[in-house]
Amino acid sequence: MEKKKDIRSQGFASVIPIIIFVCVFLGAGAACAAAGYEKPFAQFPASMGGYIALMSAFFIVRGKFTDKFNWMLKGIAKPNIVVPIIVFALAGGFATVAKACGGVDSIVGLCMNYVPVSIITAGFFVVGCIVSFASGSSVSTIVALAPIALSIAIEANISLPVMIGSVMGAAMFGNSMSLISDCTIVSNSVMGIGAGKATKDKLLSQVVMYFVPFVATIVLLVIFGRPEGAVSIDTYEVKLWTILPYILILVMAVAGVNFVISLSSGIVLGVVIGVAEGDFNLLEGCTTVANGMYGMANMILLFVFMAGTIGIVSEAGGIDWVIGKLVKLIKGRKSAQAVIFLLGMLVTCCVGNDTIPMVTIGDIAKDIAAKYKLDPRRVAAIMPVSTAGTAVIIPYTGAALTMASLIEAAGGGVSFIQSVPCNFFVLLAFVFTFVTLFVPFSERRFAKDPWDFEKWCPASEAN
């Protein structure tokens, strides 16, 4: 017993591997920036940072190698780690094939064909929200919309910072709540809320939480994003049935169907549509799906390596040590949620990514939720707001650097930083999330089916 106590009480030393992970990211990004690389914080593979952290855990944490190896396996073998690995692969395959069959282009075209010229900036925000929710990617949304939005803003003398803020806010909207985004997959998984009704409850809670910021953003964009010149918008070709894979996934997810089944159904439908449209043959369609899955390899490896690292850190007492320090800042349920939210922002600022922070602090957030009886669906709803929101306002993330390069290509003559105060949706979402700590109207749905903390599922599913 004495030996066990010693191994599980290594305190700060056992947290060093996570600090190394953060430092490796920052150091690699700074070195690439100094060397003149474009998008310096996107150059270093995230999976290598996770691998270095895992190896450092073996050297730093005390104990027998076999014990630490088993701790690593225990961390990786958790259901909330294995399930997202499968979902990551399926989400990558779906996103790729749905885009290849023309789904993204049709969504953009359908929306742009009906956007009134007088409210074009607000229109881009609404269109971006739809595209980002469908694609689950902030970068894809920016790449699809920013070139059009920037050229129209320059032509019509619309404030560029306001237009940029419109697109970036829209990109965050879908990235933080889309059913196929990394943020949603990871936040659901680390909090152990699974699929089905719990995921539906969390999504509807986010919808309620975002309603006021969404409406207020549209009003502000109508006021501050008015065109002062002539606006010319092309008519886009739309093939409605190429949007069906996105609609199918949304309907199945809201109906409580498991992610594996809904994503697989979307993939099959995307391939069928692509073949029927002549975009690719069956073999090329299968290759497209596989390439989308391969594209998620870096994220999957990062997830595995960090799960192993946190498994070792947790068994060595690191998570308990961090919680012990955080508890001093926590006075109750409200401050517990605030600490989780601010911790997500801090780690996002450190690593320049919106998904990695949730992997890093997931066990800590789950333990705080258990200790203070915070509904995991609520925590899973606020974490993506924290990380995805921060990721579109700091200048060295993939989304920000992509936008910065497009601004330069368009000859905008403004910096990305100038758009941050105009990112109305994200700033309002931050404020409103804190408002819901004191006025918990977004949690009313949870009260109808309270969380069973012993069985870690909604009460309706506990039997």
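Predicted model: local features only at pLDDT ≥ 70, side-chain atom pairs only at ≥ 80, totals over all residues.

Student: What makes Arg-377 buried?

Tutor: Its relative accessibility is 0%; the cut-off for buried is under 20%, so Arg-377 counts as buried.

Student: Why is the contact between Asp-201 and Arg-377 called a salt bridge?

Tutor: Their side chains meet at 3.0 Å, N to O. The label needs a nitrogen of Lys or Arg within 4 Å of a carboxyl oxygen of Asp or Glu, so this pair qualifies. Asp-201 sits in helix H11 and Arg-377 in helix H19, so the pair ties together parts 176 residues apart in sequence.

Student: What else does Arg-377 form a salt bridge with?

Tutor: With Asp-375, where the closest N and O atoms are 2.6 Å apart. Shared partners join Asp-201, Asp-375 and Arg-377 into one network. Asp-375 has 9% relative accessibility, so Asp-375 counts as buried too.

Student: How do you know that the span of H11 agrees with its length?

Tutor: H11 has 28 residues, 197–224, and at 1.5 Å a residue they should span 40 Å; the end C-alpha atoms are 40 Å apart, so that agrees. There's still a kink of about 40 degrees at Tyr-210, shortly before Pro-213.

Student: Why is Lys-373 called partly exposed?

Tutor: Its relative accessibility is 48%. Exposed needs over 50% and buried under 20%, so Lys-373 lands in between, as partly exposed. Lys-373 is in the loop between H18 and H19, and its phi is near 55 degrees, a positive value in a non-glycine residue.

Technical notes. Residues numbered from 1 in each chain as written. Heavy atoms only, no water. Helix = DSSP H or I, 4+ residues; strand = E, 2+ residues; numbered from the N terminus. Expected span 1.5 Å × (residues − 1). Bend = angle between axes of the 7 residues up to and from the residue. Buried < 20%, exposed > 50% of the residue type's maximum accessible area, 1.4 Å probe, protein only.
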